[in-house]
Amino acid sequence: MVLVSIPFFNAVKSISTRAKLFFYSAYLAAFAVLVFSLLAKPKLPWMEVAFFALLIFVADSFAIQLPKKAFITVSFAIIFAAIILFGPLAAAIACTITVFNVSDIRRKIPWYKTLFSACNYIVSAFITGHTYILTGGVVGNAASSAFPYIIIPLVLSCAVFFIINTALIALAVALLYGESAINTWRYDFQWLTPNYFALGILGFILAQIYASSGPISIILLVIPLLIARQTFSVYMKLRGAYIDTVSALVQALEAKDPYTRGHSERVAEYAEAIAKELKLPAEKSEILRYAALLHDIGKVGIARKVLNKPGRLTNEEYRKIQAHPRIGAQIIGDIDFLKEAVPAVYCHHEHLNGAGYAQGLSGDDIPLLARIMTVADSFDAMTSTRSYRPAMSVEDAAKELIACSGRQFDPKVVKAFIKTLNISLENNERLEEEKQLRIAIEETV
Ligand SMILES: [Fe+2]
């Protein structure tokens with residue numbers, strides 16, 4: 001299964017020194033493994049190893065892209081079979097063929113990434129193979145007769161390959177794209193764990209069938225391998241369908257309220273930046289992104305003449321506008337994969353001091369995702385041009401957020417957001433003091 005090449009679409013132009021060091025270390029480790037393997041002059045059935053290398057090459061050429069830019073394949077089943085049949089040195093040598101990754105060439109993936117993926121395979125196969133042997137695994141045709149006594153070595157080595165392979169890719173993504181390695185791992189790879197072990201079982205069966213019936217028998221396993229690949233593909237398409245659904249809803253809103261054009265996407269970007277700064281888990285960030293994109297979807301239920309009214313709203317009209325968080329929550333509440341985004345959408349106009357709407361919640365009763373969205377939404381509103389006022393500068397909007405934090409906004413969310421803006425606010429401390437003084441006076445009154 002597994003992870004093969006790294007995403008590397010939209011490659012970054014300049015690679016950081018840390019990333020370079022990481023890649024060079026991976027190349028060096030793989031080179032050392034290959035030199036060690038060849039110097040050991042193993043007595044290998046080279047034609048059969050070449051046959052398995054060819055199988056790995058084919059499996060690797062049909063990679064499926066994951067959300068965070070990594071790719072997966074079903075190669076692990078074949079690599080695992082090669083480990084069981086021929087041992088770690090042969091498996092590591094066979095993995096060298098992945099340097100010629102057709103899928104990467106077709107996608108114009110930079111060579112250093114393809115090389116890294118191949119090195120990742122080589123190192124993972126080598127360590128996995130030794131784990132298998134050291135824990136009591138049997139290499140060669142005798143493996144089937146050693147079953148079930150080799151279950152523990154099989155499970156352990158399967159886990160070792162999964163951990164090394166996915167951890168190295170998550171680290172590479174983190175270093176290249178500035179994302180959290182743990183978040184990338186959890187988002188892209190955690191769900192693969194059971195599938196991975198299923199591929200390990202498939203690899204073991206493949207080794208047994210090959211040992212008893214020879215290369216032709218491999219054809220029997222093409223179908224289960226294709227099914228395994230199809231499972232990944234369907235899962236990824238499902239995720240793609242979620243994104244399409246959200247985009248369609250956003251477009252429906254923007255068609256009704258042109259004012260919001262681009263607003264939802266910007267709010268989502270700001271919200272995600274805050275989530276990253278607050279180190280929220282990947283699954284929360286995904287919910288937050290959906291919620292931020294759809295936070296104003298309830299406006300589709302508000303009359304156009306009220307929504308686009310140029311002048312001041314009457315109390316009745318304002319009351320109608322205030323219904324949009326509730327309407328939005330009702331709309332997305334009926335869509336299964338958006339259910340977790342409902343509280344954030346419902347509460348995105350709540351104020352920390354309880355003066356907001358639609359329920360008048362305060363403090364920690366307001367969900368964190370909603371508190372994040374409030375800051376992102378307000379910042380974008382302030383820095384966007386309106387018919388009745390020009391856009392505020394980023395610095396002025398940031399100062400306004402600080403001035404209102406503790407009352408309208410959650411201070412820790414504001415602090416995280418200001419950090420992501422990467423601006424230096426003059427008199428920031430003075431602003432903070434003024435705010436504290438204002439709050440103290442309000443409390444006194
Ligand atoms: Fe709103």
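Trainee: How many residues of helix α4 (residues 88–95) are buried?

Mentor: This is a predicted model, in which local features need pLDDT of at least 70 and side-chain atom pairs count only at pLDDT 80 or more, while totals for chains, interfaces and linings use all residues. Residues are numbered from 1 along each chain as its sequence is written, and side-chain values use heavy atoms, with hydrogens and water left out. Helices are DSSP runs (H or I, at least four residues) numbered from the N terminus, and buried means under 20% relative accessible area with a 1.4 Å probe, protein chains only. Helix α4 is mostly covered, and of its eight residues the number buried is eight.

Trainee: Which helices are included in what covers the buried residues of α4?

Mentor: The buried residues run from Pro88, Leu89, Ala90 and Ala91 to Ala92, Ile93, Ala94 and Cys95. Their cover, judged by contact (heavy atoms within 4.5 Å), includes α1 (17–39), α2 (46–60), α3 (75–86) and α6 (111–134).

Trainee: At what angle do the axes of α18 and α20 cross?

Mentor: Helix α18 spans residues 368–382 and helix α20 spans residues 411–421.

Trainee: How many residues of the contact of α18 with α20 are charged?

Mentor: Leu368, Arg371, Ile372, Val375 and Phe379 in α18 meet Lys412, Val413, Val414, Phe417 and Leu421 in α20. The residues of this contact comprise eight nonpolar, no polar and, as charged, two.

Trainee: With the side chain of which residue does the side chain of His349 make a polar contact?

Mentor: His349 lies in the loop between α17 (342–346) and α18, and counts as buried because its relative accessibility is 19%. Beyond its neighbours within four places in sequence, His349 is in contact with residues including Asp296, Pro325, Gly356, Tyr357 and Asp377. The polar contact of its side chain, at 3.2 Å, is with the side chain of His324.

Trainee: Is Tyr187 buried or exposed?

Mentor: Tyr187 is located in helix α9 (residues 181–189). Since its relative accessibility is 15%, Tyr187 counts as buried.

Conventions: Axes are lines fitted to C-alpha atoms, for helices over the stretch in contact, and angles run from 0 to 180 degrees between N-to-C directions. Helices (H or I, at least four residues) and strands (E, at least two) are DSSP runs, numbered from the N terminus. Ala, Val, Leu, Ile, Met, Phe, Trp, Tyr, Cys and Pro count as nonpolar, Asp, Glu, Lys and Arg as charged, and the others, Gly among them, as polar. Buried means under 20% relative accessible area, exposed over 50%, partly exposed in between (1.4 Å probe, protein chains only). A polar contact is a pair of N or O atoms within 3.5 Å; within protein, one must be able to donate a hydrogen and the other to accept it, and residues adjacent in sequence count only if both atoms are side-chain atoms.
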